[in-house]
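Have the picture open while you read.

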Amino acid sequence: MKTVILGAGLTGLSCAFHMGDDEYAVFEAGDRPGGLCRSENMKGFAFDYTGHLLHLRDPYVTELVLQRLLPRTFRRHPRRAYIHSFGKWTPYPFQANMYGLPRDVVRECLVGFVRAAPRRGAGSFEAWALGTFGEGIYKHFLRPYNEKLWLVPLDRLTHEWCSWSVPKPTLEEIVDGAIGNPNRSMGYNPTFYYPREGGIETLPRAFARRAHAIQAGFRAVRVDVRRRRVSFANGYEAAYDRLISTVPLDELLSMTRNGPAEWHSVAARLKRVPILALRLGIRGPALLRKHWIYFPEARFPFYRVGVASNFESSLAPPGCSNLYVEVSLPSPHADPAPIVEECMARLRDIGIEGETIVRETTVIPCAYVLYDDFRKKAVPRVLADLARHGIMSTGRYGGWKYSHMEGAILDGRKAARWARG
């Protein structure tokens with residue numbers, strides 16, 4: 001039985017690794033494996049496509065990565081993440097570390113949390129956030145930050161994506177954070193792992209070395225469901241018994257032929273968020289000791305800024321800093337030039353100055369998938385339907401979900417087990 005794997009990102013590479021000696025072929029549209037976990041070297045800086053940090057909780061993945069694949073390669077870091085609002089730097093998460101904010105803001109957040117109660121229509125993110133955290137925390141952080149990230153009214157978002165990612169402190173923890181006892185290890189990512197050198201592409205390279213039949217430069221353009229054949233932009237065709245796709249689900253559905261007509265209409269209604277990733281190499285230190293910062297206020301075009309060289313100095317030449325800046329876009333075709341200039345001006349406002357050695361941008365057309373009512377109903381149904389036709393669509397984008405690198409590795413193992421029968 002031959003398995004075709006579309007996409008050599010982390011999920012596809014994990015799938016190939018877990019296929020062992022079984023017959024398979026991996027086709028990657030880009031010029032090399034890695035997907036969005038690639039790193040680029042520029043003038044002595046090692047830039048990831050944007051922030052990629054490895055959060056390990058699953059025992060199997062922990063042993064696989066840290067002992068079998070890359071022993072003595074990763075360093076474990078305690079998270080040093082912050083929020084910038086009201087001109088202040090407060091530790092992440094906002095709701096549990098309000099000390100230092102204006103007193104009326106802290107009071108509004110505390111009173112709102114105490115009065116919070118489940119609301120009718122709690123399936124929306126807005127109703128869930130108000131019912132869980134109250135008016136103040138929603139007003140001063142959750143609403144402005146998430147509107148900036150998702151670019152839609154929050155009553156149109158469902159809340160499944162945040163059940164594991166948004167920390168939910170107790171009243172005691174919120175009071176502690178408001179009076180100056182910081183809560184620094186809350187949430188799913190209080191620590192993270194990162195390679196000592198080389199950037200995050202070190203991880204997909206390790207998987208790729210242990211796989212075979214990986215072919216780059218093969219962009220799938222058509223999947224004939226009846227004939228079980230994939231056609232590529234370069235004219236090549238590949239037959240399969242089982243197909244594992246990690247390309248974005250809307251793209252996969254759009255390229256199918258001889259499948260249910262509903263697939264194309266579902267593809268047209270799935271929504272995604274593209275982002276502009278600005279990579280900066282500057283001379284001098286930047287935001288000392290801070291790993292990444294969330295920016296809820298509208299005056300900042302970016303929703304997050306990270307300083308990669310603050311967790312591994314090897315990512316920048318001596319005396320320099322390596323930054324990544326993330327901005328949600330209304331369209332992947334938006335002109336990046338004015339956005340970048342506005343970003344540079346606002347970075348100077350928070351003290352990021354110095355000679356710019358590298359300034360590069362990348363548009364990621366599908367950075368986040370939108371959790372709305374249509375996704376909630378359509379995606380489980382269409383994934384099951386694809387599986388009945390011998391296709392597993394999986395991974396962060398193939399599964400059309402909000403996920404992380406550890407989840408991608410586990411998705412790849414699950415897909416391999418499915419393909420092997």
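The points below start with the sheet and end with the pocket.

1. Before anything else: this is a predicted model, where local features need pLDDT of at least 70, side-chain atom pairs count only at pLDDT 80 or more, and totals for chains, interfaces and linings use all residues. Residues are numbered from 1 along each chain as its sequence is written, and side-chain values use heavy atoms, with hydrogens and water left out.

2. Find the open sheet: its five strands run in the order β9-β2-β1-β13-β20, with parallel pairing. (Strands are DSSP runs of E, at least two residues, and helices are runs of H or I, at least four, numbered from the N terminus; two strands pair if DSSP finds at least two bridges between them.) Because β9 (214–216) and β20 (391–393) are at the edges with a single partner strand each, one side of each has no neighbour in the sheet.

3. Now look at β1 (residues 3–6) and β13 (residues 242–245), which pair in the parallel sense over four bridges. Ile5 has Ile244 in β13 as its bridge partner.

4. What packs on the sheet? Helix α13 (residues 405–419) does, touching β1, β13 and β20 (contact means heavy atoms within 4.5 Å). The direction of α13 makes about 170 degrees with that of β13 (axes are lines fitted to C-alpha atoms, for helices over the stretch in contact, and angles run from 0 to 180 degrees between N-to-C directions).

5. β20 turns up again, as α11 (373–388), β20 and α13 each supply at least two residues of the lining of the second largest pocket. Among the lining residues are Ile391, Met392, Asp411 and Lys414.

How values were computed
On a 1 Å grid over the protein atoms alone, a cavity is a set of points where a 1.4 Å probe fits but cannot get out, and a pocket is an open set with protein on both sides within 12 Å along at least five of seven lines; lining residues have an atom within 4 Å of a point.
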